Amino acid sequence: MAERPRKTNIFSANDQNVQTAKAMNRFYEEIDELYRGVIKRSKLSCSAFDILYALYEQDGRRLLDLGKASFLSKQTLASSVKRLEEEGLVCTRSQSRRYVEVFLTDKGHACIEESILPVIRAEIRAIDILGPEDQKLIRDLAGRYTAALRKEFENL
């Protein structure tokens, strides 16, 4: 009887790159869990939270730009913006079928005050424990890692 090839578990290896990849994956999952928890308490959906956060950064975004800023698919973005519009949190203005802008309403601004700004303030306080040099290092490393990962994923 021929032996079956053994599957290898790359994460069982003990080299530095694998350990760093595991740590990055744990970091991502833990951060994701933290945000899901705070978003759940805000009574917003994750997509609504992401859209409102992006509109807080820049109100009056084109739908295309809002999708890039919120990292949402076109379909999720369209349905979420429609739902936010029905709830009176945003309004849209169309110059053409392809050029739609999304703006916060007064109710949307109030929702941001209640649900988004406390999160942003908490993010800033958490970052404040790091000195300026560590903050710059994190920004640099995150940018380099994201660019390298994007390149590797494009090659798959």
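**Exercise 1: the cysteines**

Cysteine 46 is partly exposed, with a relative accessibility of 39% (buried is under 20% relative accessible area, exposed over 50%, partly exposed in between, using a 1.4 Å probe and protein chains only). Before going on, note that this is a predicted model: local features need pLDDT of at least 70, side-chain atom pairs count only at pLDDT 80 or more, and totals for chains, interfaces and linings use all residues. Residues are numbered from 1 along each chain as its sequence is written, and side-chain values use heavy atoms, with hydrogens and water left out.

Task: find out how many disulfides there are.

Solution: Start with the rule, which asks for a pair of cysteine sulfur atoms within 2.5 Å. The count by this rule is zero. Cysteine 46 is in no disulfide, as its nearest cysteine sulfur, in cysteine 111, sits 14 Å away. That's too far for a bond. As for cysteine 111, it's buried, at 14% relative accessibility.

**Exercise 2: the salt bridges**

Task: count the salt bridges and look at the one that arginine 36 forms.

Solution: Look for a side-chain nitrogen of Lys or Arg within 4 Å of a carboxyl oxygen of Asp or Glu. The whole structure has three such salt bridges. Arginine 36 pairs with aspartate 32, with the closest N and O atoms 2.3 Å apart. Both belong to helix H1 (residues 16–42), and being four residues apart puts about one helical turn between them; helices here are DSSP runs of H or I, at least four residues, numbered from the N terminus. Arginine 36 is partly exposed at 40%, and aspartate 32 is partly exposed at 26%.

Conventions:
Helix = DSSP H or I, 4+ residues; strand = E, 2+ residues; numbered from the N terminus.
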